[in-house]
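Biologist: Please show me how to read the features of a structure one at a time, with the general idea ahead of each case.

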Amino acid sequence: MSSDTGGVGYDVVVIGAGFAGLVAARELVKDGFDVVVLEGRDRVGGRSSTTTLAGVPVDLGATFVGPTQDAVLTLAKELDCLTEPTYCRGANLIRWRGKVRSYRGTIPKLSPLGLLDIGRIQWQVERLGRNIDITKPWTASRAARLDGTSLGGWLRSVGASSSSRDLMAIMARVTWGAEPDDVSMLHAVRYVKAAGGLDRMLDVVGGAQQDHFPAGTQQIADKMAAELGDRVRLNAIVSRVEWSDDAVAVTSSGGVVEGRRAILAIPPAHRQGIDIAPPLPIGYQQLAQRWPQGALSKAYAAYSRPFWRDQHLSGQALSDQGPVFITFDVSPGDDGPGILLGFVDSRGFDALTPEHRRQTALAGFAALFGPDAENPIEYLDHCWGAETFAPGGPTAAVPPGAWTEFGPLLRQPAGPLHWAGTETADEWTGFLDGAVSSGQRAAADVAAILRS
C-alpha cells in the first residue's frame with residue numbers, strides 16, 4: 001500500500017464528515033491518535049445542513065433536540081452552540097378528511113373512538129417494546145414474528161381504524177421517510193423504544209422537538225471541523241477501500257491515504273458505493289442492500305411576521321393530504337420574519353419543477369393557515385432523496401426481515417473496518433444524538449484496539 005503521507009500513514013481514516021465521523025475523529029485526536037477525515041461533499045455536517053431564509057438560519061436537514069439527548073446536548077454545550085425552545089403556544093391544527101380543526105397536545109382528538117383507538121395502538125407498540133433489547137433486538141422471543149411483517153401489516157392485523165393508520169402513516173413519513181408498509185414492525189418497535197417511547201419521540205415540550213438551535217445545527221459540525229483543522233479533507237469522494245488484517249488504503253478523489261483502521265461513518269446503504277477489496281463477507285454486502293435510506297423533503301416559507309400567532313395558533317399542524325403533512329413554527333420572534341417549516345412527502349414532489357414545488361407546498365401551507373400563507377416574502381425547499389451524492393432521508397427505513405437476518409452485522413467490525421452513523425446507535429437511533437453517540441462508540445472501540 002502507498003500513502004500520500006510519505007509512507008507514514010495514519011492511525012485512523014474516517015470516511016464521512018457528518019456528526020458521527022467528526023465526533024469519532026475528535027475523540028481519537030483527544031486520545032492522541034493521528035486521524036484524517038475524508039468527506040465527499042464540499043461541506044461538513046452530513047444530513048445536517050444550514051442555510052438562511054429572510055436572513056434567518058434554517059436547517060435543511062436535522063433540526064430539533066430534546067430531553068435525554070445527552071450526547072448531542074453535551075457536545076453542543078462544549079462548543080457553545082445555544083438552543084432555544086420550539087414555539088408551541090396556542091392551538092395546533094389538523095387538516096383531516098377535508099376539514100381543518102384545532103387541537104392541543106400530541107395526538108388530535110378526531111373523535112372519542114378515534115382517540116381511544118390510537119391510545120390502544122400506542123399502548124400495544126410500547127408493550128411490545130418491553131421485551132426487546134435495543135442492542136440486540138433480533139434475540140427477542142417475538143423478533144421473527146415482528147420482523148416478518150411491516151408496521152402497516154401489523155396495524156391491519158390488530159384492527160387499527162383508518163384514522164389510526166393514517167396518523168401512523170404521518171409518523172412513518174416524518175420519522176423514516178417511508179410508508180408503514182415499507183418498515184419492519186420490529187424496526188418500528190425498537191426505534192420507538194430507543195427514543196424513550198412514542199410520546200417522547202413525537203412531543204414538543206418534553207420530547208424530541210422541544211428545542212432547536214437558532215444558529216442552525218451545522219454550526220456544531222463546523223466547529224468540530226475547525227478544531228480538527230486540515231485533518232478534514234472536503235471534496236474527497238471515497239471510491240475504494242483496500243484492507244488487510246491490520247491496515248487500510250483508502251482511495252478518494254483527493255488521492256490515497258493509509259491507516260491502521262478505518263471508520264466508515266456513513267449510512268449502511270451508502271456502503272454500496274465504495275469498492276471494498278477484498279470483498280466483505282456476503283452478509284455485510286446484503287446488509288447494505290437491505291438497509292435502505294428513506295426519502296424526505298422539507299419546505300420553508302418566510303413571511304413579514306408570524307401572522308398565525310395573531311390567531312393564537314402554534315404553527316404546528318398535521319395534514320392527511322400531501323405534500324406538506326406536518327409543520328412547525330421556527331420564527332425567531334413575534335416581530336421578525338415568520339418562518340413555517342413543512343415536512344414534505346417526497347413522492348411526486350421531488351420530480352416537480354422548482355416553481356411547481358413552490359406552488360404545491362404553499363398551497364399546503366394555505367390549506368392549513370389561510371390565504372396569507374400563499375404569499376411569502378421568501379421560499380425554499382430541499383429534496384434529500386434527489387441529491388446526486390449520498391441521497392436519502394433522515395435515517396434508514398429498514399424493511400421486514402432485515403433485522404433478524406443482518407442486525408448482528410450492523411456495527412460488527414470487519415477486519416480493520418468499523419462502522420458509525422446514527423443508524424448504528426442504541427439510543428435515539430436516527431437522530432443527531434444517535435449520530436454523536438455512535439461516533440463516540442466507534443472511537444472508543446478503535447482506540448482500545450490500537451492501544452492493545
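Biologist: What does Asp181 count as, going by its relative accessibility?
Modeller: Residues are sorted by relative accessible area, where buried means under 20%, exposed over 50% and partly exposed in between (1.4 Å probe, protein chains only). Asp181, at 43%, therefore counts as partly exposed. Please keep in mind that this is a predicted model, in which local features need pLDDT of at least 70 and side-chain atom pairs count only at pLDDT 80 or more, while totals for chains, interfaces and linings use all residues. Residues are numbered from 1 along each chain as its sequence is written, and side-chain values use heavy atoms, with hydrogens and water left out.

Biologist: Which residue does the side chain of Asp181 meet in a salt bridge?
Modeller: Side chains of opposite charge can pair when their charged atoms come close. The term salt bridge is used here for a side-chain nitrogen of Lys or Arg within 4 Å of a carboxyl oxygen of Asp or Glu. Asp181 meets Arg156 in this way, at 3.0 Å from N to O. The two belong to distant parts of the chain, 25 residues apart, with Asp181 in the loop between α6 (162-176) and α7 (185-194) and Arg156 in helix α5 (residues 151-157). Such helices (H or I, at least four residues), like the strands (E, at least two), are DSSP runs numbered from the N terminus. Arg156 is also partly exposed, with a relative accessible area of 49%.

Biologist: How many salt bridges does the structure hold?
Modeller: There are 22. One of them joins the side chains of Arg26 and Glu78 at 3.1 Å, N to O. Because Arg26 lies in helix α1 and Glu78 in helix α2, this pair ties together parts that are 52 residues apart in sequence. Arg26 is buried at 9% relative accessibility, whereas Glu78 at 48% is partly exposed. Another salt bridge joins Arg240 and Asp275 at 2.4 Å, N to O. That pair again links distant parts of the chain, Arg240 being in strand β11 (residues 238-244) and Asp275 in strand β14 (residues 275-277), 35 residues apart. Salt bridges can also share partners, as they do where Arg173, Glu179, Asp345 and Arg347 are joined into one network.

Biologist: Which residues of helix α2 are buried?
Modeller: In α2, which covers residues 70-78, they are Ala71, Val72, Leu75 and Ala76. Seen down the axis, these buried residues fall within an arc of 125 degrees, so they line one face of the helix; the arc is that of the directions from the helix axis to the C-beta atoms. The face turned away from the buried side carries the exposed residues Asp70 and Lys77. The buried residues pack against α1 (19-30), β5 (64-65), α9 (218-228) and α14 (432-451), where contact means heavy atoms within 4.5 Å.

Biologist: In what sense do β3 and β4 pair?
Modeller: Strands of a sheet pair through backbone hydrogen bonds, either parallel or antiparallel. Two strands pair here if DSSP finds at least two bridges between them. β3 (residues 50-53) and β4 (residues 56-59) pair in the antiparallel sense over four bridges, and Leu53 stands opposite Val56 in β4. Two residues lie between the strands of this hairpin, where Ala54 takes a positive phi near 55 degrees.

Biologist: What kind of aromatic pair do Phe64 and Phe328 form?
Modeller: A pair of aromatic rings is described by the distance of the centres and the angle of the planes. Rings of Phe, Tyr and Trp (its six-membered ring) pair if their centres lie within 6.5 Å, and planes under 30 degrees apart count as stacked, over 60 as edge-to-face and the rest as tilted. Phe64 and Phe328 form a tilted pair, with 5.0 Å centre to centre and 55 degrees between the planes. Phe64 lies in strand β5 and Phe328 in strand β17 (residues 324-329), so the pair ties together parts that are 264 residues apart in sequence. Both of these residues are buried. The rings of Trp176 and Tyr191 have centres 5.4 Å apart and planes at 75 degrees, which means that this pair is edge-to-face.
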